[in-house]
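Here is a brief report on a structural model. Please keep the sequence and the coordinates open while reading.

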There are 2 protein chains.
Amino acid sequence: MSAKPTESQQLDNLSQDLGIRFAYPNSDRIYLQGSRNDIRVPLREIRQDDTVTERGRETNPPIPVYDTSGLYGDPSAAINLKHGLPQIRSAWITERSDTEQLSGLSSEYGQERAHDPKTAHLRFNQITRPLRAKAGHNVTQMHYARRGIITPEMEFVALREQSKLEQIWRDPRYAKITKQHAGEAFGANLPQHPDQITPEFVRAEVAAGRAIIPANINHPELEPMIIGRNFRVKINGNLGNSAVTSSLTEEVEKMVWALRWGADTIMDLSTGAHIHETREWIIRNSPVPIGTVPIYQALEKTGGIAEDLTWELFRDTLIEQAEQGVDYFTIHAGVLLRYVPLTANRLTGIVSRGGSIMAKWCLAHHQENFLYTHFDEICEIMKAYDVSFSLGDGLRPGCVADSNDEAQFGELRTLGELTAKAWQHDVQVMIEGPGHVPLQRVKQNMTEELQHCFEAPFYTLGPLVTDIAPGYDHITSGIGAANIGWYGTAMLCYVTPKEHLGLPDKEDVRTGIITYKLAAHAADLAKGWPGAQLRDNALSKARFEFRWRDQFRLSLDPERAESFHDATLPAEGAKTAHFCSMCGPKFCSMKITQEVRDYAEAQKGMQEKSVEFIQNGSALYR
Amino acid sequence: MSAKPTESQQLDNLSQDLGIRFAYPNSDRIYLQGSRNDIRVPLREIRQDDTVTERGRETNPPIPVYDTSGLYGDPSAAINLKHGLPQIRSAWITERSDTEQLSGLSSEYGQERAHDPKTAHLRFNQITRPLRAKAGHNVTQMHYARRGIITPEMEFVALREQSKLEQIWRDPRYAKITKQHAGEAFGANLPQHPDQITPEFVRAEVAAGRAIIPANINHPELEPMIIGRNFRVKINGNLGNSAVTSSLTEEVEKMVWALRWGADTIMDLSTGAHIHETREWIIRNSPVPIGTVPIYQALEKTGGIAEDLTWELFRDTLIEQAEQGVDYFTIHAGVLLRYVPLTANRLTGIVSRGGSIMAKWCLAHHQENFLYTHFDEICEIMKAYDVSFSLGDGLRPGCVADSNDEAQFGELRTLGELTAKAWQHDVQVMIEGPGHVPLQRVKQNMTEELQHCFEAPFYTLGPLVTDIAPGYDHITSGIGAANIGWYGTAMLCYVTPKEHLGLPDKEDVRTGIITYKLAAHAADLAKGWPGAQLRDNALSKARFEFRWRDQFRLSLDPERAESFHDATLPAEGAKTAHFCSMCGPKFCSMKITQEVRDYAEAQKGMQEKSVEFIQNGSALYR
């Protein structure tokens with residue numbers, strides 16, 4: 001009988017596992033080189049088989065895919081979770097000479113936990129001497145952007161968003177698959193061609209507040225990414241232990257799993273034991289931005305009593321998390337005292353956890369929300385570490401009946417007011433959105449956000465377009481997400497099949513992520529992101545040519561595609577067969593179409609000969 | 001060792017199984033009584049628990065749900081698949097005195113199969129003496145509607161679409177949950193209140209061609225339903241054996257399974273052995289309309305050689321199937337010779353099976369599509385049995401790149417021309433639509449259909465809004481389906497997770513159906529079908545009040561909702577607990593909201609007392 005492994009042993013075991021099983025089929029990890037040696041942007045390229053017909057052989061070029069998996073997606077990388085990921089941003093940050101390394105942690109709680117013998121076995125690679133802006137300095141990407149500076153982060157982002165498309169657009173091997181329909185972008189400032197996706201474009205969008213690059217100076221492991229209406233639509237995956245379940249390694253494993261499938265950012269929503277330590281391990285091993293909801297931890301510190309929350313306690317929590325490297329904070333500063341009674345006649349009241357905590361606090365104290373009254377002080381903290389705001393929608397509707405009501409839109413206008421204030425500090429902002437909204441009312445959410453929040457990036461949870469399908473809410477929300485992404489939402493917070501019912505397991509996370517990847521991609525196609533259709537075209541060409549393996553490889557979830565195929569026709573030969581399981585070998589529409597095409601080709605040849613003949617004939621009469 | 005049971009034994013076993021396991025939790029099967037005794041419209045009512053708080057007990061009234069499950073959803077019914085379902089329409093049909101019972105089958109193939117000793121063991125309860133319109137008569141629902149006749153079928157449909165809503169709207173027990181947002185119906189003629197959903201409304205919509213009631217006079221077992229833009233959005237489920245798999249009982253079982261989850265019609269797309277016998281068994285046991293693609297069977301009869309198809313062979317197949325009771329035929333009469341070359345430069349050519357068969361035939365013979373040239377003769381057959389057209393989109397796009405192209409829209413215009421022609425015969429028509437269409441191009445499909453096909457009901461396959469997610473195409477298509485349903489599509493053909501990859505198993509059928517139920521419901525909410533929001537409101541109220549069991553019962557898939565809940569919190573007590581698994585007992589936004597609501601209530605009380613005090617005070621000074 002073996003004892004349960006310690007957290008330390010679990011982490012070692014996971015380190016060994018990672019990197020082996022996380023390779024996508026037929027894929028190469030490549031790096032796009034920036035203007036300096038340490039700007040190396042990861043990309044996955046999917047190799048394709050040749051098309052072989054009686055007429056010969058055609059090469060199908062590799063298809064590049066935006067890659068969120070960090071070093072975990074690099075088969076040559078050695079993974080050691082206890083060391084954390086390489087600190088690729090360190091030089092970029094220190095070269096700016098506007099930060100200082102502190103002699104220790106600034107937050108009381110951080111100091112306490114750092115010296116707590118009971119949690120010593122959970123501490124591995126903490127930051128003990130964090131960075132902070134030097135007095136009088138502002139280290140946000142927005143601040144640099146507004147002063148005209150293109151940071152390495154911005155260049156990284158530009159290369160990443162472009163993903164080799166400029167080169168591909170000039171390469172004749174891709175000519176058959178670069179066709180793309182015009183998008184409908186509802187007045188967005190989208191690039192019209194891959195060559196417009198430049199570092200300067202990134203800078204200008206960040207300066208205008210239309211995009212953010214969440215990048216805490218204490219998260220040097222980060223591979224920068226951008227969230228904005230005029231870039232690819234992003235998705236967020238949530239994780240976090242709760243009072244019901246718990247294990248540090250499990251959370252790290254879930255994170256890597258979510259990155260493998262394509263999460264662009266991760267929110268750590270832990271509410272259970274060892275929040276502080278879990279978060280540290282997630283950040284040290286995360287190549288993507290990490291977001292949190294600091295009020296959750298603050299509430300834990302009061303023993304769950306919302307009335308006992310204080311600005312001082314919250315402030316200490318912000319600093320604690322900022323010094324760990326959290327990249328964005330959800331702050332429910334728009335839940336104003338006067339909005340709370342507007343929710344009393346709702347069908348489902350206040351469903352946001354943060355929103356209900358603040359509402360309860362406001363009522364208990366008969367005072368305005370301290371996140372609102374201390375907003376300038378919060379901005380001072382944000383700009384000292386470059387933590388971005390994700391202004392929380394604490395009054396979002398919890399059912400379609402409550403959508404687009406006075407409480408929701410009142411709060412949204414306040415978030416706009418706070419956006420303007422944050423921008424006075426050059427602090428980056430995105431705005432959280434609903435929730436539950438029927439299809440015909442989705443657009444209004446986007447329109448109101450663009451108007452009242454000045455095009456700050458919108459970040460929505462779904463929305464779910466009906467309430468009647470618990471167990472399928474990744475789909476009810478995926479429908480709303482694709483639509484609102486098309487209308488201009490910059491990031492979509494995923495919903496798993498377990499939403500409203502329980503905590504997601506690994507398969508739920510995978511299903512949730514893939515559903516949101518496809519919704520985000522549908523939005524990119526619809527708004528007309530240049531090059532978005534390349535992968536669709538490549539996959540469809542493979543499908544039409546019966547390159548089954550390429551169809552699997554080019555899909556968002558190659559494993560599932562292949563296993564579904566094999567469930568009907570498991571034989572290896574069937575993967576190269578010129579028919580499929582739906583119709584059988586004798587009766588196949590794609591096969592018939594190929595014959596039609598050959599026929600049309602032949603006919604065209606005859607017509608040309610006929611024209612030639614007539615022309616020659618005409619000559620006879622001359 | 002037991003031998004494999006015979007088909008006959010399998011059917012007996014299945015008969016025994018049905019009715020036992022198919023009950024939804026806490027549900028009653030009720031019947032709405034029409035103007036005559038034999039109009040009894042099935043409905044499911046979901047009973048709810050009371051709301052119990054410190055302040056007392058509140059009754060939550062039962063929620064009616066449109067029910068497609070026929071007798072299989074009636075726990076008191078005895079099921080015998082060998083007898084088939086009761087022939088509820090027989091009296092309606094014979095009373096019209098416009099049909100005659102033939103002395104035998106009219107089609108050569110039907111006669112041949114009826115006497116084939118090799119398939120004798122597969123024949124159970126065939127129709128051997130079918131009905132046909134008397135000479136000079138037309139038995140279509142459209143014909144009756146246009147002469148101002150309200151048939152029992154139309155009355156049945158009106159009661160079914162209304163589903164008790166008029167009564168509910170007057171019942172004070174429902175007052176809290178009848179709130180509904182205004183829809184956006186894009187110029188549709190939707191009823192604005194439940195009391196407008198009348199038999200006369202149904203008649204007028206059928207007469208105008210905006211809706212169809214597929215109801216073959218040889219399908220007396222049918223519970224009538226309607227497909228039209230101004231009614232609830234419907235969904236179709238496909239089934240059918242293929243050369244790869246086969247079993248008659250399995251197909252019947254799959255049908256009942258699809259009905260249990262909510263399919264409004266079933267298409268039998270069989271291409272394998274015993275097509276004829278399988279179809280007979282499906283129809284005799286189906287309470288919903290059955291659609292087929294007759295060209296599939298015609299092709300089988302030629303041994304799979306498209307060039308060998310003839311009008312005579314096809315005609316015999318139409319009659320064979322019409323006399324079995326098929327309710328609608330997909331006919332690819334719009335695949336014209338001149339459109340075929342337009343597909344040659346597509347990325348994925350022709351992907352419709354029927355379309356590619358006809359294209360090949362046209363090219364091989366250098367002749368116009370015989371379905372087009374013989375269209376009037378087809379109409380003569382359709383009106384003799386009341387088979388509805390589902391005019392097939394043989395040139396639908398197989399990838400987003402090919403969407404909305406000349407070939408697709410050329411064919412659509414021809415379908416409009418054929419619609420006008422069919423309507424001259426008073427034959428009912430719906431129009432099939434795509435396919436693969438990116439989100440920004442979906443609307444155009446609906447607009448073109450409404451314009452060129454004169455608002456004949458649109459019946460679309462998805463559309464899939466991206467090509468890159470095989471394995472998840474129920475979702476990529478569910479997004480397109482919800483949108484196009486909102487825009488005005490009347491019926492959505494489901495897509496399962498196995499689309500493009502293999503044949504769906506039972507779980508895939510369930511997932512596909514539920515996905516399409518939620519998409520259709522999202523469309524009903526969005527266009528503003530009166531009462532559509534009732535179930536959402538009831539479920540959300542249950543959710544907010546921690547009536548977990550009601551939340552499961554009111555959902556589209558109660559089994560899955562409950563099992564997902566139990567995966568995290570399996571204890572029976574957790575289903576009545578005032579918290580849920582996402583946050584744990586100490587930290588629950590819904591619980592906090594209830595406190596906020598109590599608080600607001602108390603405050604309101606204080607304010608009222610204060611107002612009272614001031615008023616009394618004022619009195620003192622008088």
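## Symmetry of the two chains

The model is predicted. Two copies of a chain are related by a rotation about an axis and a shift along it.

## The interface

Together, chain B and chain A bury about 9400 Å². Carbon and sulfur atoms carry 68% of that area. The salt bridge count between chain B and chain A is 0.

## Aromatic pairs

Over all chains, the whole structure holds 30 aromatic pairs. In one of them, the ring centres of A:Phe375 and A:Phe389 are 4.7 Å apart and the planes meet at 15°, so the pair is stacked. This pair links distant parts of the chain, 14 residues apart. A:Phe375 lies in helix α14 (residues 375-385) of chain A, and A:Phe389 in strand β14 (residues 388-391) of chain A. Both A:Phe375 and A:Phe389 are buried.

B:Trp548 and B:Phe552 have ring centres 6.3 Å apart and planes at 45°, so this pair is tilted. Both residues sit in helix α20 (residues 548-554) of chain B, 4 residues apart, about one turn of the helix. B:Trp548 and B:Phe552 are both buried. Elsewhere, ring pairs join A:Trp311, A:Phe314, A:Trp361 and A:Phe370 into a cluster.

## Charges over rings

A:Arg44 places its charged end over the ring of A:Tyr24, 3.7 Å from the ring centre. A:Lys506 lies over the face of A:Trp257, at 4.2 Å from the ring centre.

## A buried glutamine

B:Gln141 belongs to helix α4 (residues 141-146) of chain B. Its relative accessibility is 1%, so B:Gln141 counts as buried. Leaving out residues up to four places away in sequence, B:Gln141 touches B:Arg96, B:Thr151, B:Glu153, B:Met154, B:Val206, B:Ile213, B:Asp386 and B:Gln428. B:Gln141 and B:Pro289 are 148 residues apart in sequence, and their C-alpha atoms are 14 Å apart in space.

## Backbone features

Most residues other than glycine have a negative phi, and most peptide bonds are trans. A cis peptide bond joins A:Pro434 and A:Gly435, with omega about 5°. A:Gly435 is in the loop between β15 (429-433) and α16 (442-452) of chain A. In chain B, a cis peptide bond joins B:Pro434 and B:Gly435, with omega about 10°. B:Gly435 is in the loop between β15 (429-433) and α16 (442-452) of chain B.

Phi is positive at A:Asn26, near 55°. This residue sits in the loop between α1 (7-17) and β1 (27-33) of chain A. A:Asn26 counts as partly exposed because its relative accessibility is 22%. Phi of A:Lys164 is also positive, near 75°. A:Lys164 occupies the loop between α5 (152-162) and α6 (165-170) of chain A. At 17% relative accessibility, A:Lys164 counts as buried.

Technical notes
Residues are numbered from 1 along each chain as its sequence is written. Chains are lettered from A and ligands numbered from 1 in the order in which they are written. This is a predicted model: local features need pLDDT of at least 70, side-chain atom pairs count only at pLDDT 80 or more; totals for chains, interfaces and linings use all residues. Side-chain values use heavy atoms; hydrogens and water are left out. Rings of Phe, Tyr and Trp (its six-membered ring) pair if their centres lie within 6.5 Å; planes under 30 degrees apart count as stacked, over 60 as edge-to-face and the rest as tilted. Helices (H or I, at least four residues) and strands (E, at least two) are DSSP runs, numbered from the N terminus. Buried means under 20% relative accessible area, exposed over 50%, partly exposed in between (1.4 Å probe, protein chains only). A charge sits over a ring if NZ of Lys or CZ of Arg is within 6 Å of the ring centre and within 35 degrees of the ring normal. Buried area is the accessible area (1.4 Å probe) that two parts lose on being put together, summed over both. A salt bridge is a side-chain nitrogen of Lys or Arg within 4 Å of a carboxyl oxygen of Asp or Glu. Contact means heavy atoms within 4.5 Å.
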